[in-house]
Amino acid sequence: MAKTLNVVIIDDEAPAREVIKNYLKKYDYLRIKAECENGFEGIKAIQEFKPDIIFLDIQMPKIAGFEMLELLQKKPVLVFSTAYDQYAMKAFEVSAADYLLKPYSRERFDEAMNRALTLTNDKPANDKIVNGILKHQDENVDYLERIVVKTGSKISIIPVRKLFWLEAQDDYVMLHSKDGNFLKQKTMKYFESHLDPKEFVRAHRSYIVRISIIKQIELFGKESYRLILSNGQNLPVSRTGHVKLKAILS
Amino acid sequence: MKHPILRRRNLTFYISAWIVISLIHVLFLRFSQNIEVLWAFIDSLVFNLLYAAFALSFWYMCKSISIENLKILKLIENHGAAAAFSSLIWFGLSYALLMNIFPVEENYRLFLRGSLVWRIFIGVLFYFLSVAFYYVYIYSVNFKKQLLKEAELKTLVKEAELKSLKFQINPHFIFNSLNSINSLTMSDPQKAGEMTIKLSDYLRFTLSKNEKHKTKLKEEIDSIKLYLDIEKVRFGDKIEYVEEIQDKCLDAQVPSMILQPLFENAIKHGVYESLETVGIKFSCSLNGDYLKVVVENEYDPETSTQKGEGIGLKNIRERLEKTYSKGNLLKIEKESNVFRVKLFIPIVEK
């Protein structure tokens, strides 16, 4: 085979990476560009080397495998592995993705490689799989505890407890947090359903606000209201938002 | 237990039975003893009505004299006396009623006087019949209760076993360890062998222990060492383990598998979630009547999900409370980047 393919291995356990390297030896047209032990390194390596295939463990520190996927612009072919994660297995099954259950044999690995190699030549099929996993993730995840964002090449993790308010900006959402402002490519609807309604309220089509930082609601003009936050900032309130706020604050 | 006859359905049955007995009684007096129909009816009514009422009260005798706890002789003694006594009262009362209320004719009066012996005999017979019925009833109710209780107990035991198995062995840990072994077979077969033995020893220890039992602290610590050794193969020098154990603690009795969830927690929230080396500190000391066990781990408060008392710690708290009938034996402390669990295990003399 003439074409050389680039590979990145992401797994937090060294012995697990060793297995993959060992099984990959016979594929002499593959180049292992990087071995990463966490999602941070993983994202960096992916941006730098633009790999064709990524071996990805699902449970990892800081940024789990799925959170990493969200940040990828170009979707490489992914060969997932997991020891035991029924939730992840479900996600793979509904999106028809192949996955390796640790420990796995050389034969099973070769089978996964064959499928991965076919997918490197079939972009649409691969995109469909990755998007299927992301969709499953969006639909099934409980309330968020942290949000991973990428600004240029910098990756930040924002714990939800540091989040003040969110603002819609075209296809993005601006996250206003204790650590600064970050843009995330998601919808307001996504955040509305993935933030605990005991902590956050959608006050307006374009705003979601942490309830505990609301100082007061002020009449503004004839029939419209504005929210005053504890830092002095004020935000518009919609009619339905006002109804919701009144129910929560009373 | 409620009276078995004083219920609507059973009462109808009881009354019908007595009507039948009363009719037989009338026929017997009329044709065998040559008593006039009217007197035969009155006789039957008084005697049988009284006995029907008496028989209901025998239930309370049966309830207070249990057949399971008394010797057979004592039982016969008690019931024999009760049978004779109640039969005499029955006859005396019926006799007095008949003599005083109704203008009794001579022929019947003679018959009534002469009937004492066989009436007492019938009274005793009825007494034992009712008692036998009541005992069968009590026995069957108890038996059903017993069956239900046993079934409940069985499901409880099963649930507990399942629960403990689930808490004891984390499948994620097992499969990842096996994956490490698979890796070592290629790079370092001898180490693969060592790791296999360690994992087996650890699993065997875990499986042999039951949540209800107690073990020596030393055994618990030995199994924790195995666990940490295995995790060290997986995570290399990402774990920095320090221990401080007073020798005199080692023989103390502790509930089995009490340490493992603490270390699993420390590894999960410390090591799994961290990019750098994570310190885990373990100390045991004797404090008066208590064995004090402390497990602490460093963690990253920025991103960690270690909030406080998860299911593992809650389980330990409950077990300590149940085992020692005392609360507050588990304390959780959180400092800037240290998560600490303290156990206070009462020293119980054997």
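These questions and answers cover the folding, cores and chain contact of a predicted model.

Q: What share of the residues of chain A count as buried?
A: A residue needs 20 or more other C-beta atoms within 10 Å of its own to be buried. Chain A has 250 residues. The buried share is 34%.

Q: Which element gives the most to the side of chain A that touches chain B?
A: The contact takes 18 residues from chain A and 23 residues from chain B. On the chain A side, α1 (14-24) and β7 (154-159) each supply at least two residues. The top contributor, with six residues, is α1(A).

Q: How many nonpolar, polar and charged residues does the side of chain A that touches chain B have?
A: Sort that side by class.

Q: Where does the largest nonpolar core lie?
A: This core has 55 residues. Those with the most contacts inside it are A:Val8, A:Ile54, A:Phe80, A:Ile208 and A:Val209. Both domains of chain A give residues to it, so the core lies between domain 1 (5-140) and domain 2 (146-249).

Q: Which residues is A:Ile208 in contact with, leaving aside its neighbours within four places in sequence?
A: Contact here means C-beta atoms within 7 Å. With those neighbours set aside, the partners of A:Ile208 are A:Trp165, A:Leu166, A:Met188, A:Phe191, A:Glu192, A:Leu195, A:Phe200 and A:Arg202.

Conventions: Residues numbered from 1 in each chain as written. Chains lettered and ligands numbered in written order. Predicted model: local features only at pLDDT ≥ 70, side-chain atom pairs only at ≥ 80, totals over all residues. Buried ≥ 20, exposed ≤ 12 C-beta atoms within 10 Å, placed from the backbone. Contact = placed C-beta atoms within 7 Å. Helix = DSSP H or I, 4+ residues; strand = E, 2+ residues; numbered from the N terminus. Nonpolar A, V, L, I, M, F, W, Y, C, P; charged D, E, K, R; others polar. Core = buried A, V, L, I, M, F, W, Y, C linked by C-beta atoms within 7 Å. Domains from an automatic or database assignment.
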